[in-house]
Amino acid sequence: MTMKLVNIWLLLLVVLLCGKKHLGDRLEKKSFERTPCPGCSHLTLKVEFSSTVVEYEYIVAFNGYFTAKARNSFISSALKSSEIDNWRIIPRNNPSSDYPSDFEVIQIKEKQKAGLLTLEDHPNIKRVTPQRKVFRSLKYAECEYRDPRLICVPDPLVPCNETRWSQKWQSSRPLRRASLSLGSGFWHATGRHSSRRLLRAIPRQVAQTLQADVLWQMGYTGANVRVAVFDTGLSEKHPHFKNVKERTNWTNERTLDDGLGHGTFVAGVIASMRECQGFAPDAELHIFRVFTNNQVSYTSWFLDAFNYAILKKIDVLNLSIGGPDFMDHPFVDKVWELTANNVIMVSAIGNDGPLYGTLNNPADQMDVIGVGGIDFEDNIARFSSRGMTTWELPGGYGRVKPDIVTYGAGVRGSGVKGGCRALSGTSVASPVVAGAVTLLVSTVQKRELVNPASMKQALIASARRLPGVNMFEQGHGKLDLLRAYQILNSYKPQASLSPSYIDLTECPYMWPYCSQPIYYGGMPTIVNVTILNGMGVTGRIVDKPDWQPYLPQNGDNIEVAFSYSSVLWPWSGYLAISISVTKKAASWEGTAQGHVMITVASPAEGESKNGAEQTSTVKLPIKVKIIPAPPRSKRVLWDQYHNLRYPPGYFPRDNLRMKNDPLDWNGDHIHTNFRDMYQHLRSMGYFVEVLGSPFTCFDANQYGTLLMVDSEEEYFPEEVAKLRRDVDNGLSLIVFSDWYNTSVMRKVKFYDENTRQWWMPDTGGANIPALNELLSVWNMAFSDGLYEGDFTLANHDMYYASGCSIAKFPEDGIVITQTFKDQGLEVLKQETAVVENVPILGLYQIPAEGGGRIVLYGDSNCLDDSHRQKDCFWLLDALLQYTSYGVTPPSLSHSGNRQRPPSGAGSVTPERMEGEWARGCSAEGNWRKPDSRLLQEIVGPPRTWSQLAVPLIIFLPDCRRKSSQWLCPAEGAVHPCTEWTFAEGLMCQLLPLLSPYSSQRPRSHLHRYSKVLEAHLGGPAPRALPACPHLSWAKPQPLNETAPSNLWKHQKLLSIDLDKVVLPNFRSNRPQVRPLSPGESGAWDIPGGGGQDNSCFGLSGSHHGIMPGRYNQEVGQTIPVFAFLGAMVVLAFFVVQINKAKSRPKRRKPRVKRPQLMQQVHPPKTPSV
Amino acid sequence: MVNLAAMVWRRLLRKRWVLALVFGLSLVYFLSSTFKQEERAVRDRNLLQVQDHDQPILWKVQFNLGNSSRPSNQCRNSIQGKHLITDELGYVCERKHLLVNGCCNVHVPSTKQYCCDGCLSSGCCSAYEHCVSCCLQPNKQLLLERFLNRAAVAFQNLFMAVEDHFELCLAKCRTSSQSVQHENTYRDPIAKYCYGESPPELFPA
């Protein structure tokens, strides 16, 4: 009978579809594990299936559709014949239970075998199968550390938290430009404020959420805009894209397709035209594959690809990638070159939040639109990088970044082969902005007005500020597409500032400025304002910025100094404003206001007159809170000048267990990774200032304590002398040191895939040899030991993570010791040893009258936010009590752990690390084959490598052979060099040249990055002491006016009245895109009647949730055409069936009786399966 | 119509072999399309890579002789410069001396044509604009043709899209993968813009 056929068909369809789906899930699983996932993930998602037989329960399948009553009667008649009473039908409560069905679930508790046999014998019963329960579980695999780039796949053999000390430190994320998305980590995305709230379960259509449909309805869809996606590629015939203009590959893999899904997703957010819709479906897509499937990419690939993008006159370029190396000059220069060529660059700010000081390049550049992530509830996403830029340290202050934030958590975008998936990460937020920008560009009639600066101005002027979030987290706020459209379409070329006003009293937006008022004698407060110039790619500040204090508002109580870019190029520049309190307000309290006026000029465009300029004048209101200078004891000076970080050098992490984040790259500033410590000190009533210049440049009488934490820099001899005098005169010193052990430093070197060279640390966690020189006058020194362990001090739980010990301390000092594990031994030899009485804390009072106090502690990790396990802010409090007021904390002085201070005998103080002369070769005698091309270029073809294995390998890559001379510009000298043979010749020719190097003192190549050392013939030597920064205060031009108290509202927009620009009536009936039901395919647009197809799935799937909602994963793989054909056949059957049903009752029997008829009459020709 | 459908149904679609055929075809399609997708991922369709290494690339650069072929008196120029700009006639001028039509004002004394200031004999210059201007010298055409004939594989994408002498010089003078060593440093941080055949000479960091 036809019914039977239909059943077969349906079953087959379902089986095939399920098969396909399982295949899809398997693919999905694979892609999860390889998903580029920086910033997340100590969590790994695994999708698993399992099924178990449910005891006593069976599915009885009939060979037709019958009502519940009919089914019941079949089963009961069958079971009655085998005399089974203990059975029941398991009720199914779903909408389909009102309709005839072809199966029933029953429970039989006795004589199952016989029962089943009789059931199967029943003419209406097709078969009986055991009931199975299907589990589909999502698993998180948890690992001890977080590797922000790679998703952490637990290896069954190596538990994640097992510590393996090997040379193979994972090439670091910070070195590498990584793509910035988080696997599928929508569960990571809770912001701080919503950590206990559930996220909305369904990821949203981001384009509609941002009201892109309003612009679509106006006919703007991104047409004629060239948008480039620099990512992992895109497959050729992806069903979501209609205008892929070109795909190019710049990697060493021979494919253009996306093997990861990252590039597809990003392209989908920008330009997908169906399912999860992108912003600009009609935009011309240019796909640049610059990441391999293993997430490898090199600067050189980017350079060539960027050149091509310039040639192709790309309008908008999305870079969902980033890395911390803002000193990669070829790359940074190239990004400038792109924006100078009118390419609007949009880039992800990074996934290294919530730590501060984690901004990624190129998003941190002034000419790039840097995008941070929020969730759909407007909380800053936890992963979103934040904090100021660190380019300007130590002398200056960082710029505000990100520029704007937008949705970046649980956003839906295209899957690798079609369908949708949800991803989180700033690499999701970036294409949201890139897509919005593309759409915006297509709305502008006068295209020549659109440039990187004007677009950025429009975006930040229209952005909506999020409440309770500071500007170093949210930038200017959340993207508002429609307001940006309004602003852009009435845009006149002009200059603007970011931030557009300076209100140092406004909390929390202006954190950290608002967290500490200014006072006379303090270090000037620096605000680094970015100038955006929409008038032209180059510009300049006319004359000088003017400082105009408001006399009625005590503007004359502050002084202002400027430093600014001499040329604003490309499209932008900086204006740093140093604010200080005048002497006459030394004991005054109140707020002072004024403003700065700057005029920006650019060469005129479209003017016939030669040399004509267009100008734009911008006002920058300033408001500060002034208090009388606090007493000396309350003032703490943070030494920033002696903190070095990556980039440029390899400054290793202070906690050696953090193997996957080997670099110290957060700036070591009180407003970056020492933010918590700063907040704590402020809450304890201390005023913390930052010293960005040598010790010779501050007035020690102003400060109670100089705080030196994790210092990597060397010291000028003048500084050592000055600090000694200062301490004698009452300045106190707190030093939080860190590890330094040359053997460990050699051990933690690694080969950096990205720069293709070996990386040897330039210091340890801190520069102990330099610190020891500084401290030697007080007979103090740190050791080269390396210790780790938990301990209790004064009833506080503490953790000592890779710290050193005190080697030497004056007899009359207080020294606290603890028992630790020798981590140095563990790193070097994988042995465990416990060391007792390790001196870690020393307190010392200078005996002279009015002398200061010195405190040493061997580990800085308990103050640093980056990998802190247990904080020691209480200890810092106690130590500040001691240094500021001379109160010896009884908990420390009477501690049971107090021991005699070490005399220095028996422990080793570290020597400076020897330098490595060649990139790619090591100084320790065992050769790693260096860059052979480079070597050959310089020394000719090698014979054997062993010939070079002499105790100290001397090989100068910095020398190049020029005619018959070796030119060594590092020394600035030309050394004669005649012909030589390889090994011997190299030695004999170069040794005399190097003899000064091989003299007494070992060296590091710290001098390359140091402000204190420079390369010298006799080894690195201190430079001449630089002059202290001198600020020339701007001449005030007092005004007799008052400013409004709320500066923000009046500065928000670019002299454009938003209300004047009218949008066509907003239609709120948003989604034109029908929400997808689970399992629905989006490979084609199913015409209106397609709903019936879904019901097919519904019937079979309704039962036990075998097909759960698949949000958050691929929603619907591309279902091949066969399914469509099959479905059409089924549809045809229904049509015929309905047709029959209509015509039959007239001629035959009343319809109600049909089931009975079917029950009784079994046409003999019905095929049985 | 309905009758016809019913007839088709009765005659044809109710036959088991028809249904089996439809099913079989569907199954074949399903399997083949599944495998094809896998294959496609592996297959390589990159125009950059299918190139035979021995064969010179087919560049389409038109070296125009003189400026007679320019359609109007509009000039393309190097757009990006901080201080300087080069137009397609090879003139270098300060940005403020750029005319509305995009050309340099040739009546200003500081404007120079085919200016090679700061360029080394190796073909590398310290200023991008000078490199472009120098590269536009008509006598550089041979050098450029020679370069195009042996352009590195990685550059084929770029130089196959270049259409004329000016575009070629704009593209050639940019810093590229040839300009760096250890990825994040310039081989020569000063003379890094090269119109010549060889990369910048390695200069110590």
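B:Cys131 and B:Cys173 are both buried in this predicted model. A disulfide joins the two, with an S to S distance of 1.9 Å. The torsion about the S-S bond is -80°, and the link is left-handed. The pair connects distant parts of chain B: B:Cys131 lies in helix H3 (residues 128–135) and B:Cys173 in helix H6 (residues 165–173), 42 residues apart.

A disulfide also links B:Cys135 and B:Cys169, and both of these residues are buried. B:Cys135 is in helix H3 of chain B and B:Cys169 in helix H6 of chain B, so the pair ties together parts that are 34 residues apart in sequence.

In chain A, A:Cys862 and A:Cys872 form a disulfide. Its torsion is about 65°, so the disulfide is right-handed. A:Cys862 and A:Cys872 are buried.

| Pair | S to S distance | S-S torsion |
|---|---|---|
| B:Cys131 and B:Cys173 | 1.9 Å | -80° |
| B:Cys135 and B:Cys169 | 2.0 Å | -80° |
| A:Cys862 and A:Cys872 | 2.0 Å | about 65° |

A:Cys804 is buried, with a relative accessible area of 0%, and B:Cys115 is buried at 4%.

B:Leu4, B:Met7, B:Val8 and B:Leu12 make up a nonpolar one, with about 340 Å² of accessible area together. B:Arg10, B:Arg11, B:Arg14 and B:Lys15 form a positive one.

Conventions. Residues numbered from 1 in each chain as written. Chains lettered and ligands numbered in written order. Predicted model: local features only at pLDDT ≥ 70, side-chain atom pairs only at ≥ 80, totals over all residues. Heavy atoms only, no water. Patch = residues over 30% accessible without salt bridge, like charges linked within 9 Å, V, L, I, M, F, W, Y side chains within 5 Å. Areas by Shrake-Rupley, 256 points an atom, 1.4 Å probe, with all protein chains shown as cover. Salt bridge = Lys/Arg side-chain N within 4 Å of Asp/Glu carboxyl O. Lys, Arg positive; Asp, Glu negative; His and termini not counted. Charge placed at Lys NZ, Arg CZ, Asp CG, Glu CD. Disulfide = S-S within 2.5 Å. Buried < 20%, exposed > 50% of the residue type's maximum accessible area, 1.4 Å probe, protein only. Helix = DSSP H or I, 4+ residues; strand = E, 2+ residues; numbered from the N terminus.
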